[in-house]
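Hello,

Here is the structure I promised to pass on. Please have a look at it first; my notes follow below.

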Amino acid sequence: QVQLVESGGDLVQPGGSLRLSCAASGFTFSSYAMSWYRQAPGRERELVAAMSSAGRITNYADSVKGRFTISRDNAKNTVYLQMNSLKPEDTAVYYCNAYRTFLAKIYNYWGQGTQVTVSS
């Protein structure tokens, strides 16, 4: 059974930091690109950061470049999102995503999300 379990969301003041974790199970983690998305109330889900399966390629939304860092530990089947210099506009539910294509088939899994609230 595929599972992606996010943790680390919290209420934090502007300028603060949080580290989100996503523990994966039920699939070959090292074969999947891993990403973090977020969705704020009334807005569409958007890509925040992505990392290739081997960790060599990363991609960030312009709004988080220089503040957020995605990383992964393939030995622990876990992906992380270090968030620094948080702003109120970073408030959202953050979702972990696992994605790969294999033999023309798409494998796309989502976690349940973790709430991040940035407020004074």
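**Notes on the structure**

Start with Thr 114. Leaving aside neighbours within four places in sequence, Thr 114 is in contact (heavy atoms within 4.5 Å) with Glu 6, Ser 7, Gly 8, Gly 9, Leu 20, Ala 92, Val 93 and Tyr 94.

A word on the source. This is a predicted model, in which local features need pLDDT of at least 70 and side-chain atom pairs count only at pLDDT 80 or more, while totals for chains, interfaces and linings use all residues. Residues are numbered from 1 along each chain as its sequence is written, and side-chain values use heavy atoms, with hydrogens and water left out.

Back to Thr 114. This residue is found in strand E11, residues 114–118. Strands (E, at least two residues) are DSSP runs, numbered from the N terminus. Thr 114 counts as buried because its relative accessibility is 9%. The cut-offs are these: buried is under 20% relative accessible area, exposed is over 50%, and partly exposed is in between (1.4 Å probe, protein chains only). The Thr 114 side chain also reaches the backbone nitrogen of Gly 9, at 3.1 Å.

Next, the disulfide. The structure holds 1 disulfide (a pair of cysteine sulfur atoms within 2.5 Å). Cys 22 is joined to Cys 96, with S to S at 2.2 Å. The pair links distant parts of the chain: Cys 22 is in strand E3 (residues 18–25), Cys 96 is in strand E9 (residues 92–102), and they are 74 residues apart. The torsion about their S-S bond is about -85 degrees, so the disulfide is left-handed. Cys 22 is buried, at 0%. Cys 96 is buried too, at 0%.

Strand E3 also belongs to a sheet. This open sheet has 4 strands in the order E1-E3-E8-E7, with antiparallel pairing. Two strands pair if DSSP finds at least two bridges between them. Strands E1 (3–7) and E7 (68–73) stand at the edges with a single partner strand each, so one side of each has no neighbour in the sheet. E1 and E3 pair in the antiparallel sense over 5 bridges. Leu 4 has Ala 24 as its bridge partner in E3.

Last, Asn 77. It lies in the loop between E7 and strand E8 (78–83). Asn 77 is partly exposed, with a relative accessible area of 27%. Beyond its neighbours within four places in sequence, Asn 77 is in contact with Cys 22, Ala 23, Ala 24 and Phe 29. Asn 77 and Thr 117 are 40 residues apart in sequence and 26 Å apart in space, C-alpha to C-alpha.

Best wishes

How values were computed: Polar contact = N/O pair within 3.5 Å; in protein donor to acceptor, adjacent residues only side chain to side chain.
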